[in-house]
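Colleague: I would like to learn how to read a few features of this model. Please take them one at a time.

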Amino acid sequence: MVFRKLPGVSASGMGLRLSQKFVFLLFLSGLVTLCFGALFFLPDSVRLKRIFLSKTESQPVTVGSENDAKTDKKNAGGETLEEVMPSRSKTESASKDEKVTSSSNQGANTDTSFDYNKFKKCLLKPPLGIEHGKPSDPQTLQRREKVKEMMKFAWDNYKSFAWGKNELRPLTRNGHIGNMFGGLRGASIVDSLDTLYIMGLMDEYNDAKEWVETSLDLNSNGEASLFEVNIRYVGGLLSAYYLTGDEMFKRKVMVLGEKLLPAFNTPTGIPRGVINLGSGTSWSWGWASAGSSILAEFGTLHLEFVHLSELSNNGIYTEKVMNIRKLLNKIEKPHGLYPNFLSPVSGNWVQHHVSIGGLGDSFYEYLIKSYLMSDKTDEEAKKMYYSALEAIEANLVQKSPGGLTYMAEWRGGILDHKMGHLACFSGGMVVIGADDGAPEKRQHYLDLAAEITHTCHESYSRSATKLGPEAFRFDGGAEATATRLSDRYYILRPEVIESYMYMWRLTHDPKYREWGWEAVEALEQHCRVEAGFSGIRDVYAQTVSHDNMQQSFFLSETLKYLYLLFSDDDLLPLEDWVFNTEAHPLPVVRKSFSLQKQVK
Ligand code: DMJ
C-alpha cells in the first residue's frame, strides 16, 4: 500500500494519524458488535429487538411448559405447533405494542385482531375431549345423564316461566329480576350458555345464543354489582366465545367490559362495588363499613379482565387489575392476612376481619388461578398466593376436637370458629395449587385439600336432607353443624361440589364421585319441585320449606361441576382451561400466542 505524503504532515505524524484512525475504527466496530449483542438480552417486548432480529428469534415457539413443547409437539388439531403459530409481521408487532403502552389514552376497544382459529390451535387438547368426556363405565355415564336431565329440567322451566328475566321463581312460576345486575336481564341465560354447550344440549344452547344476540340489551342504566356482572355476564360471554368462536359473543362482551371501566376512577384505582352502567357513576355498598370496597369483589376481576385485554388487544383492562394487585402486594398485612374491607380512597384496610368464606373467598382463588391462567408466568400472583396460604394455615386453619380440619374466621386476632358454605371452595383451590408450591409441601397441600373437602362433606352428611347449611360451627358441641337458625338454609350453592370435582380430577379417589352422587340424590329429593329447582330454608328439617328461587349459579356452577365430576378428564382439560368463580371456563393464555405483554 502506498501512502502519499500530505502537505505539512511528517511521515511519523501521518503514521500516528493512521494508527489513531485504525484504533478509532476498531473501537467503533466493537461498539456496534456490543450493541447488537445486547439486543439478545433485552426482553421480548422491546421493539428494537423485533426490528433487528427475526420473528422466530424474538418469539420462541413454546406452548405450555418446556417439557410440553418438547414432548407434546402435536396439538389439539393434530398439527405441529410450528405450523400453527400466529405469524405477525415486525411492523404489526410494533404497532400493537404501541397500542398496549398507550392504552390509557384511547377508547377501550380499538382492535379486533384476535384470531380465533389460531387461538384454538394453540390449545393442547380439544376442549370437549375426544367424545365430549363420555365416561366408559356405565354407572358413571348413567349418573352423568341424570345431571344432564336436571339441567334440561331447570332450563326448560326457566324458559317456560321466566324467559328473559334473571332467575326463575319455581313455586310461583314467574321470573325474578333482582337488583344486582344494573338492569341487565337474562342472567340465567348468559350463565347457562357454556353448560348447555358442553352438555350437548344444542337446541337449548341455540335458543340461549339467539336471545343474547337479539335481546341482551347492554344499554341499561341501572345500579349493578361490578363483581356480579363481571363473574356472570363477562365470564359467561367470554366462555361462550372461547368455546364456540361465535364473534357475536365477543362483540357483546367488549361493549360490556368498557362499561365497567369507570368503576376504577377512584383515588387509588381500587374500584367501588356498585356502578351505574349508563352513567358510569360508582359508589360503595351502603352496608360496607366506611365506604369501603370488598376484597372478594375487587379481587375477583383479574381473570376476566386479562381476557378482555386479550380479545381487544388493549392493555387497559390488564392495567386496571394489575394496579389492584400492586396495591395489595405493597400494603402491610396483619400477620400476612388480607382483611375483607379496603378504602378505595386511602388504600388502607378499614377493618381487620379476615375470611376465606364470604367477602374474602374468591380473591384467594383468583391468585392461584391467575398464575395458572398465565401459563405459569405470573410469578407475582404465585408468590402472593403461597404466602397468603401460609398465613391462612398459620392463623385460620384449625382442627376440631373431633378431628375435622376447618378454616375459621379471624376478627382482629380473635377466632370465630365458624366456616361458611362459601369457604368450601377452598378444598378445590388448595388441590389445584398443590403441584406448584414448594415440592416438599405438595403432599401436605393434597392432604389439606382432602381434609377440608371431607369436613365440608360432613356438613352435608350431618343434616337431615344431606345438603349443607350456609354456615357451620365447631364451638357448640355438634361439629360441622349450623347452630343458629339463620345459618340453616341452602340456596343451591356449588362450592362443596366444586371441591369434589377438583379432588376427583387430581386424585381419582372414587369417593368424590360417590359424594357427588349423594348430592344429586339430595337435590332431587329436596330441591326439585314441579317447575324447577329451589333452595331450602332449613337443611335440618324433615319436611323442607322452599325459598322459591332457582339461582343462576345452579345452572352455571352446581350442575356444571356435577357433570364434569361424572365425565372423563378430557372434557375441558385443566391444562388448557381455568374456571372463573362462576365456573365459566377461560383458556390459559399461552406465552406464544398472546399479543399482550406477559405478566412478569
Ligand atoms: C357464585 O356466584 C360464585 O361462586 C361466587 O364466587 C360466590 N357465590 C356464588 C355461589 O355460591
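Colleague: How many of the 19 residues of α11 are buried?

Modeller: First, the basis: this is a predicted model, where local features need pLDDT of at least 70, side-chain atom pairs count only at pLDDT 80 or more, and totals for chains, interfaces and linings use all residues. Residues are numbered from 1 along each chain as its sequence is written, and side-chain values use heavy atoms, with hydrogens and water left out. Helices (H or I, at least four residues) and strands (E, at least two) are DSSP runs, numbered from the N terminus. Buried means under 20% relative accessible area, exposed over 50%, partly exposed in between (1.4 Å probe, protein chains only). In α11, 18 of the 19 residues are buried, so the helix is largely enclosed by the rest of the structure.

Colleague: Where does α11 bend?

Modeller: A bend is the angle between axes fitted to the seven residues ending at a residue and the seven starting there. For α11 the bend is about 30°, at Gly235. Gly245 follows the helix, with a positive phi near 75°.

Colleague: Which residue's side chain makes a polar contact with that of Thr581?

Modeller: A polar contact is a pair of N or O atoms within 3.5 Å; within protein, one must be able to donate a hydrogen and the other to accept it, and residues adjacent in sequence count only if both atoms are side-chain atoms. The partner is Glu365, at 3.0 Å. Thr581 lies in the loop between β17 (577-579) and β18 (585-587), and is buried at 14% relative accessible area.
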